[in-house]
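I opened a notebook page for a structure that is new to me. My entries below follow the order in which I looked things up.

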Amino acid sequence: MASLGTLYPQPLWQWFEQICAIPHPSKHEQALSQHIQAWARDKGLSVLEDSVGNLIIKKPATPGMENRKTVVIQAHLDMVPQKNADKAHDFTKDPIEAYIDGDWVTAKGTTLGADNGIGMASALAILGSDEIKHGPLEVLLTIDEEAGMTGAFGLQPGLLEAEILINTDSEQEGEIYMGCAGGVDAEFSVPVQWQPLPAGHQAYRLSLTGLKGGHSGVNIHLGRGNANKLLARFLVAQAPLLELKISEIHGGSLRNAIPREASAIVTLPANLRPQLEQAVQDYLALLQQELAAVEPALDFKLSETLLPAQVMSHETEHKLLNLLHACPNGVLRMSDDVVGVVETSLNVGVMTTQGDKVQLLCLIRSLIDSGRQQLESMLSALAALAGVPVRFSGAYPGWKPDPSSPVMKIVNDTYQDIYQKEPVIMVIHAGLECGLFKKPYPDMDMVSIGPTIRYPHGPDEMVNIETVGQYWQLLLAVLERIPERA
């Protein structure tokens with residue numbers, strides 16, 4: 001199998017191989033951080049780990065470029081830990097098994113971590129080079145971007161000297177991002193009343209699998225199935241017909257990933273098993289028809305399992321299923337200002353049965369504060385109707401577009417000069433950290449670029465090899481064109 005380090009540009013891909021070899025899911029970035037710190041100090045670079053765990057590495061300008069404006073190249077240290085159900089992998093211990101598949105690099109059964117490992121690798125490759133021309137340079141590597149943006153929230157003023165920030169977390173070559181959505185987490189907590197297992201019941205596991213999932217912002221407009229919502233749709237229809245009782249229900253694993261799998265343990269009278277089997281077959285056929293274009297691998301199965309000690313009361317089950325079924329999901333509104341971009345969306349990301357409650361974790365995204373606030377109000381109203389609490393947390397601002405941004409013009413002009421075509425100036429429906437950086441550094445001029453990454457936040461994640469080279473060429477050319485300080 002060919003080594004990633006043989007691809008162009010070699011310094012970037014060699015770093016990406018190292019990144020894949022060191023586990024770094026959200027909340028577990030320390031081993032990778034320590035590896036980078038040791039390397040940077042060995043290179044004689046200035047290294048700072050701030051109070052929350054972000055890394056700031058500084059490198060002097062190459063000779064003759066000392067008077068250029070200081071630039072910070074920014075990426076995040078963590079990756080989304082998602083795997084297929086049949087893949088044995090511990091993201092805190094096992095390396096990512098990355099490999100070349102034609103024109104792409106992907107991983108065996110897990111997320112690849114190209115989001116944002118390619119951007120991180122590009123920054124480190126530039127730090128390690130004695131040949132790349134640049135002015136005073138800073139690299140900011142934040143922690144926990146995928147699971148709460150703790151690093152970006154915790155970044156303090158005064159640590160960075162840069163006037164310009166280049167974020168490397170975009171996922172489409174040929175697009176320059178000048179704005180992004182803000183967001184907030186919403187958590188429903190449904191209290192569970194238990195009752196004894198009815199006599200004569202048998203237990204079964206319902207498993208909905210094979211969905212594509214993906215990034216709950218970037219992919220939300222593609223019409224992919226949400227496993228949590230699809231399972232709820234089945235249960236809300238069949239529970240009263242088949243006397244189903246629910247023992248537990250689970251689905252998804254991250255609030256910012258469209259859930260690919262969901263399951264429930266249910267019981268019903270033994271004599272109704274044939275009707276349940278038929279209902280499962282009919283529902284699978286229906287979903288395969290409805291979602292044929294977007295979910296070709298979708299599967300819905302029934303299997304026997306051990307009898308549970310207790311099941312949810314009718315009142316709990318009724319409340320839970322109706323809440324799940326009624327909860328909005330997907331695109332709520334498209335932007336009027338930016339054609340083709342989602343303005344406001346909701347992802348019903350995670351559902352878990354924990355002790356005496358079922359928790360539902362959703363992520364609201366919106367380009368405008370009023371859109372986010374409207375969805376918060378809608379979910380509060382839904383919670384009031386269901387008689388359950390809902391809590392909002394972790395709100396983060398969007399990055400307001402600045403059409404007059406000087407660095408955006410530099411990137412735009414540089415791209416046209418290199419590739420003889422115009423890039424697309426975009427606003428992304430995802431939570432880039434730039435909006436949070438504006439609080440400690442309100443005057444910093446920001447732009448976001450990156451290579452083409454498909455299916456981020458899911459085990460089908462892949463990065464296009466050619467576009468990594470194009471992104472690299474653009475980044476280096478932009479660094480050469482940074483103007484002098486005023």
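Which residue in β23 does Ile 453 stand opposite? I looked it up and found Val 463.

Before going on, I noted that this is a predicted model, in which local features need pLDDT of at least 70 and side-chain atom pairs count only at pLDDT 80 or more, while totals for chains, interfaces and linings use all residues. Residues are numbered from 1 along each chain as its sequence is written, and side-chain values use heavy atoms, with hydrogens and water left out.

Entry on the sheet. I took helices (H or I, at least four residues) and strands (E, at least two) as DSSP runs, numbered from the N terminus. Two strands pair if DSSP finds at least two bridges between them. β22 and strand β23 (residues 462–464) run antiparallel and are joined by two bridges. I then traced an open sheet of four strands, in the order β4-β5-β23-β22, with antiparallel pairing. β4 and β22 (453–454) are at the edges with a single partner strand each, so one side of each has no neighbour in the sheet.

Entry on the hairpin. Strand β4 (residues 98–101) pairs with strand β5 (residues 104–107) over four bridges, in the antiparallel sense. Asp 101 stands opposite Trp 104 in β5. Two residues lie between the strands of this hairpin, and Gly 102 in the turn has a positive phi of about 65°.

Entry on the helix over the sheet. I found helix α11 (residues 465–481) lying across β4, β5 and β23, where contact means heavy atoms within 4.5 Å. α11 runs at about 60° to β23; axes are lines fitted to C-alpha atoms, for helices over the stretch in contact, and angles run from 0 to 180 degrees between N-to-C directions.

Entry on two helices. Helix α1 (residues 10–21) packs with helix α2 (residues 30–42) at an angle of about 140°, and their axes are 10 Å apart. I looked up which residues meet: Trp 15, Gln 18 and Ile 19 from α1, and Leu 32, His 35, Ile 36 and Trp 39 from α2.

Entry on rings. I searched the whole structure for aromatic pairs and found six, counting rings of Phe, Tyr and Trp (its six-membered ring) with centres within 6.5 Å; planes under 30 degrees apart are stacked, over 60 edge-to-face and the rest tilted. The ring centres of Trp 13 and Phe 16 are 5.9 Å apart and the planes stand at 85°, so this pair is edge-to-face. Trp 13 and Phe 16 are three residues apart in helix α1, so about one helical turn separates them.
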